[in-house]
Amino acid sequence: MDAIREADRLRPNSYPAEDKLRWLARLEARIREEILQRYEGEIPTTEETDPETPDRQLTAEAPYDEMYVHWLCAQMALYEQELESFNAANALFEAVFGSFRSAYNREHRPCSRAKRYF
């Protein structure tokens with residue numbers, strides 16, 4: 001809910017919390033698919049990071065947690081068809097998302113892949 005409150009403060013809107021929780025759930029699925037599943041270590045269960053439960057902890061922690069606010073602002077701008085605003089918010093999101101991916105990459109070993117012999 002902290003990310004939603006911050007996004008609402010920065011970009012006043014009339015979208016219900018349910019929409020914002022759904023957008024956050026999509027981002028958490030992207031993080032799981034594109035980053036977490038590719039590295040060794042425990043992956044938080046969906047229930048542990050389920051944004052549909054407002055008081056749950058999301059995957060990225062400070063300083064990367066600001067990506068959630070940028071993501072929400074970008075989604076609102078997209079649905080309001082404010083493309084210039086969307087591009088700015090999305091560029092901020094992608095920058096923080098990329099930094100999070102790089103940091104995770106530095107701190108975790110990639111999953112072992114079976115060798116293929118052709």
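1. Q81 lies in the loop between helix 3 and helix 4 (83-107). Helices here are DSSP runs of H or I with at least four residues, numbered from the N terminus. The phi of Q81 is near 60°, a positive value in a residue other than glycine. Most residues other than glycine have a negative phi, and most peptide bonds are trans. Q81 is exposed, with a relative accessible area of 68% (exposed means over 50%, buried under 20%, partly exposed in between, with a 1.4 Å probe and protein chains only).

2. This is a predicted model, in which local features need pLDDT of at least 70 and side-chain atom pairs count only at pLDDT 80 or more, while totals for chains, interfaces and linings use all residues. Residues are numbered from 1 along each chain as its sequence is written, and side-chain values use heavy atoms, with hydrogens and water left out.

3. A62 and P63 are joined by a cis peptide bond, with omega about 5°. P63 sits in the loop between helix 2 and helix 3.

4. Helix 2 (residues 17-34) packs with helix 3 (residues 66-79) at an angle of about 120°, and their axes are 10 Å apart. Axes are lines fitted to C-alpha atoms, for helices over the stretch in contact, and angles run from 0 to 180 degrees between N-to-C directions. Helix 2 and helix 3 are therefore oblique to each other (under 35 degrees counts as roughly parallel, over 145 as roughly antiparallel, 65 to 115 as roughly perpendicular, and the rest as oblique).

Technical notes
Helices (H or I, at least four residues) and strands (E, at least two) are DSSP runs, numbered from the N terminus.
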